[in-house]
Amino acid sequence: AHLARIDAVDEKVHAFLHVDREGALAQARAVDAKRERGEKLGPLAGVPLALKDIFTTEGVPTTVGSKILEGWIPPYDATVTKRLKAADVVILGKTNMDEFAMGSSTENSAYGPTGNPWDLTRIPGGSGGGSSAALASYEAPLAIGTDTGGSIRQPAAVTGTVGVKPTYGGVSRYGMVAFSSSLDQGGPCARTVLDAALLHEAIAGHDELDSTSIDAPVPPVVEAARNGSVEGMRVGVVKQFSGEGYQAGVVQRFNESVELLRSLGATVVELDCPSFDLALSAYYLIAPSECSSNLARFDAMRYGLRVGDDGTKSAEDVTALTREAGFGDEVKRRVMLGTYALSSGYYDAYYGSAQKVRTLITRDFEKAFEQVDVIVSPTTPTTAFPIGERADDPMAMYLADLCTIPTNLAGNAAMSLPCGLAPEDGLPVGLQIIAPAMKDDRLYKVGAAVE
Ligand code: GLN
């Protein structure tokens with residue numbers, strides 16, 4: 001049924017870069033066979049899922065939305081892919097994304113944009129716009145995203161779906177193509193809080209193949225999602241997540257959510273986190289710096305595309321020609337920014353300062369969580385904007401990440417879930433819930449109470 005739905009709508013939506021029809025049917029048949037033999041089935045047996053094209057899949061193309069990996073077939077599965085298979089999930093295919101997960105609209109994909117199912121002329125968010133669009137268009141009931149600076153939560157917000165960035169280290173990064181390694185985090189996307197929790201539990205947990213993977217039990221997310229409540233909880237509202245640039249309808253729906261929390265028994269506490277104002281600047285130094293180092297491996301020798309290899313040119317020339325042809329503008333912009341920020345003589349002024357700001361943001365969160373159990377905010381300052389509107393203005397694009405980025409810098413957990421439609425444009429608004437590191441279950445407890 002989901003493959004038929006993809007056939008019917010994906011030409012218009014373009015959520016998928018690759019539909020693995022054969023693989024999906026084979027997985028589904030394998031689940032049926034197991035059931036017939038009376039074998040124990042995985043926790044998500046037979047449930048179809050859309051996988052962001054940043055996770056390696058053995059024998060199935062993985063492009064990260066880039067021309068530079070066109071034609072590359074990974075010889076191994078990411079840990080997330082492995083765990084999905086172990087849960088008996090049926091992987092439908094790989095979803096569209098901004099190239100190397102750099103963007104907030106999916107317009108930076110080398111393979112063309114994805115439409116928002118609510119209005120195909122608008123963006124589905126980014127970088128994981130393919131995954132969020134697949135959910136909102138009912139092409140898949142579950143999806144996987146990655147969140148380096150909001151790429152699970154912002155797409156969830158603008159498509160009226162649920163997305164969770166687990167605590168950093170909660171889900172393995174092994175086989176997830178690296179963008180900014182100290183920020184990158186895979187996580188679940190779904191249409192309900194409970195669905196997200198079931199998927200969260202299936203992919204999370206320690207992995208010795210990822211050196212930053214947390215070796216501790218997975219927080220009880222499913223139990224929390226089944227027992228939604230905010231009775232007696234302290235909920236923080238941060239001053240810095242408001243003001244100029246926030247759309248009226250977003251603010252209205254957010255204020256109504258705060259009232260709902262109060263009426264359900266929560267105490268609302270106003271918080272001041274002054275360093276959050278610097279989060280965007282720090283992120284756009286740290287993320288490009290780490291990407292300039294991570295993307296050095298795309299040298300035309302190891303993977304995918306190779307341009308100009310006619311026997312007359314040096315290896316350096318082939319590398320340069322391949323990168324020129326294989327990387328898009330945003331990727332080049334970030335590699336240049338990052339290389340500059342890390343260069344000798346500038347390191348302390350840029351990367352070093354950004355890391356200090358990161359520490360201040362972490363401390364602001366620590367102080368906040370002495371007073372409250374969770375923080376809430378709008379997920380994004382505006383609803384989905386039209387395709388093309390911010391494409392030539394990187395600064396306007398970066399503003400979409402205003403509320404999501406502090407969490408990535410501090411490494412704690414956050415969820416976006418729908419909280420109504422903005423009256424002025426009828427488009428979905430996202431409510432963000434933020435919890436301390438390893439308290440991911442609180443997101444689900446609160447999310448299930450207000451869903
Ligand atoms: N918009 C952010 C960026 O462009 C988000 C990236 C992400 O979370 N992958 O860097």
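Strand S6, which covers residues 186-190, has five of its five residues buried, so the strand is largely enclosed by the rest of the structure. A residue is called buried if 20 or more other C-beta atoms lie within 10 Å of its own, exposed if 12 or fewer do, and partly exposed in between, with the C-beta atoms placed from the backbone. Helices (H or I, at least four residues) and strands (E, at least two) are DSSP runs numbered from the N terminus, and two strands pair if DSSP finds at least two bridges between them.

Strand S4 (residues 142-146) pairs with S6 in the antiparallel sense over five bridges, and Gly 145 has Gly 187 in S6 as its bridge partner. Strand S5 (residues 162-165) also runs antiparallel to S6, joined to it by two bridges, with Val 162 standing opposite Ala 190 in S6.

## Basis of the model

Residues are numbered from 1 along each chain as its sequence is written. Because the model is predicted, local features need pLDDT of at least 70 and side-chain atom pairs count only at pLDDT 80 or more, whereas totals for chains, interfaces and linings use all residues.

## The sheet and the helices packed on it

The open sheet has 11 strands in the order S1-S3-S2-S4-S6-S5-S10-S11-S9-S7-S8, and its pairing is mixed. Strand S1 (16-19) and strand S8 (267-271) stand at the edges with a single partner strand each, so one side of each is left without a neighbour in the sheet. On average, neighbouring strands of this sheet are turned by 30° against each other, direction ignored.

Helix H1 (residues 2-13) packs on the sheet, where it touches S1, strand S2 (48-52) and strand S3 (90-95), and its direction makes about 135° with that of S1. Helix H4 (residues 129-136) packs on the sheet as well, touching S1, S2, S3, S4 and S6, and its direction makes about 160° with that of S4. For these angles, axes are lines fitted to C-alpha atoms, for helices over the stretch in contact, and angles run from 0 to 180 degrees between N-to-C directions.

## Ala 50 in strand S2

Ala 50 is found in strand S2 and counts as buried because it has 31 C-beta neighbours inside 10 Å. Its contacts, leaving aside neighbours within four places in sequence, are Ala 15, Leu 92, Gly 93, Thr 95, Ser 131, Ala 134, Glu 139, Ala 140 and Ala 143, two residues being in contact if their C-beta atoms, placed from the backbone, lie within 7 Å. Ala 50 and Ala 143 are 93 residues apart along the chain, yet their C-alpha atoms are separated by 4.5 Å.

Strand S10 (residues 413-421) pairs with strand S11 (residues 428-435) in the antiparallel sense over seven bridges; Met 415 has Ile 433 as its bridge partner, and Ala 413 has Ala 435. S10 and S11 form a hairpin with six residues between them, and Gly 426 in the turn has a positive phi of about 70°. S9 runs antiparallel to S11 and is joined to it by four bridges, Val 376 having Ile 433 in S11 as its bridge partner.

Helix H12 (residues 348-371) has 24 residues and reaches 34 Å from its first C-alpha to its last, close to the 34 Å expected at 1.5 Å a residue, where the expected span is 1.5 Å times one less than the number of residues. Tyr 351, Ala 354, Arg 358, Ile 361, Asp 364, Phe 365, Ala 368 and Phe 369 are buried in H12. The buried residues of H12 pack against strand S7 (234-238), S8, helix H9 (279-294), helix H11 (329-342), strand S9 (374-378) and helix H14 (405-410).

Val 258 lies in helix H8 (residues 248-263) and counts as partly exposed because it has 18 C-beta neighbours inside 10 Å. Leaving aside neighbours within four places in sequence, Val 258 is in contact with Val 237, Val 268 and Val 376.
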